[in-house]
Amino acid sequence: MRITHLWKSSLGSLFDRRAETGKPMLFRLGRPLDIDPAARTILDIEAIAQCVRDTAGALHAAGVGPGDRFAVYKDNHFDCLLLAAAGIRIGAVPVMLSGLLPHDSVRPLLQRVEPKLLVSTQRLLTGKGSDGKPLTSFAERTLYLGGSGGSGGDDGSDGSTPDAMAFAELYGSTDPAPVPRGDDELMMLTHTSGTTGVPKLIMYTPATLQGRMARLECRHLPPVTIRRNDTVAMFTPYVHARAFTWIYSVLTLSPAKVLLMSDSDPEVVGPLFRRHRPTVIEGLPIDFSHMEELAADPRQGAFSSVRMFIGNFDAVHWSTIRTFLNASRHRFPVWREGYGQSETGGMGMTFITRPTANKPRDQYAGPRKVGRPMPGFVQLKVVDPGTFRPVPNGRPGLVLARTKARCVGYYREPERWNEKAVGEWWNTGDIGIKTRTGSLKLLDREVNYTPGVSRIEQEDVIVDHLPARHDVALLPVPDGPPIPIVATPDGQLDREHWRKAIRGLPELAEPIVIDFKDMPRTGTGKIIREELRRRYLDGVENPGTGRWT
């Protein structure tokens, strides 16, 4: 089989098909998979394919069959993706839930999908929500990870969970024959970020995920895609659709090494990166934030070989981008930033070079450019939020996208989907400006937008003038200046640093200072501003309508 055609393979047989090409490929893990009894940290493509087959046997032995929904709710690792692949292999529909979701968000999602099986960890299964019910009560059967194998039971538990069976006891059961799936059949459910409440569940079909999102990413486009001699390191929520399109591209483009990271702890990252010297790194803003001090230390050299950093899910602060580009000793490193949403896949891309990143932020101030839409695949337009009529270039408005990769709906919530689907166009909920050259600049989410001001830009400028490991969320209020919530490493803020950071900006209220670890975030590291409002502003309303969040 030609590697260029892998996107045609079902996720359930993807690793088998890649192994059949005979071209070797090695994956190194920051820690063992929670589903692997052998606790390996190096696996070749044949071993991963066997892992998917063994997992498919376990799911089948647990009673999961074609058309059944089963939920995966566990700590982040690459085996989230393998569990999904195993379920798809036997015709089931995986429901992917981040282990960082709070229990009171997980429960309504499980109620919505009524899973035949829940796969989780002992730690998560012992938690209770406000209703007091155990998670096992939301599925017909439950399998727990840990105890008999993997690292999921490393939590002080005794290796058993009431009303649940150990996954390890079924692992390796007979793998049934793969069940084919139609291009337009429901294949998988993943959730949105949940920044404004209980997340939505997005419906993916093979036509959407493989035929459009993954196929586009499998193209070989040097120098902006993976090369054969690259060492690629990936930090991502492996329950997210981004992980699934990425694995198609990695298996197709075949870099020399792949580092599968479940953790951005510098104590884990530093030694691994010094041994294997990544040349391409993709991560979330929160991952780059965790590793920023490691990158800023010239003695470490963990990022010295990187030629391309890739940011996804949300904008990374300018100061962080600068730190990582300066940590590379490559002659011309670049930062590739993508603009997209779970419902649409990628919609635009931009590149930041080291000379650009090293310009002071106040000298380079302006709304954040997210690039141009992908020709022939995505169209973007900016409209008036009230009338939905296009606005002239250079004026702010609501960003709509028309893309071939748009998903098919929100599971059992058609009314929320219809609120955002405008015919063939998708309402992103972002406020932006389209330039004369066709580039898009983002100002804010509509729910946070105050005319004439970009909170994203202001936050970026402030963080650029504060020490590392500081973050800021500006919360607009109706009767005064915005209230800054400032997260610092120790919950303390140097007032002189703060005065210098906000110099020249519009008036701000006195900051509320919290510890960095207390900043509420989603499973993808986004700040949950609604939670900040509940905690510190007594639920004072946003300036926007919030209809399209």
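A residue is called buried when its relative accessible area is under 20%, exposed when that area is over 50%, and partly exposed in between, as computed with a 1.4 Å probe on protein chains only. The views below show a predicted model, in which local features need pLDDT of at least 70 and side-chain atom pairs count only at pLDDT 80 or more, while totals for chains, interfaces and linings use all residues. Residues are numbered from 1 along each chain as its sequence is written, and side-chain values use heavy atoms, with hydrogens and water left out.

View 1. F313 is buried, with a relative accessible area of 19%. This residue is found in the loop between β13 and α11 (318-327), where helices (H or I, at least four residues) and strands (E, at least two) are DSSP runs numbered from the N terminus. Although F313 is not a glycine, its phi is positive, at about 80°.

**View 2. The pair of F288 and F309.** Rings of Phe, Tyr and Trp (its six-membered ring) pair if their centres lie within 6.5 Å, and planes under 30 degrees apart count as stacked, over 60 as edge-to-face and the rest as tilted. The structure holds 16 aromatic pairs. In one of them, the ring centres of F288 and F309 are 6.5 Å apart and the planes stand at 70°, so the pair is edge-to-face. Because F288 lies in helix α9 (residues 285-290) and F309 in strand β13 (residues 308-311), the pair ties together parts that are 21 residues apart in sequence. Both F288 and F309 are buried, and both belong to one aromatic cluster, formed by F235, F273, F288, F303, F309, F324 and W335.

**View 3. The pair of Y410 and W426.** Y410 and W426 form an edge-to-face aromatic pair, with 6.3 Å from centre to centre and 75° between the planes. The pair links distant parts of the chain, 16 residues apart, with Y410 in the loop between β18 (397-403) and α13 (414-420) and W426 in strand β20 (residues 425-434). Y410 is buried, with a relative accessible area of 3%, and W426 is likewise buried, with a value of 0%.

**View 4. The charged end of R469 over the ring of F516.** A charge sits over a ring if NZ of Lys or CZ of Arg is within 6 Å of the ring centre and within 35 degrees of the ring normal. The charged end of R469 lies over the ring of F516, 4.0 Å from its centre. R469 is located in the loop between α14 (455-464) and β22 (471-477), and its phi is near 65°, a positive value in a residue other than glycine.
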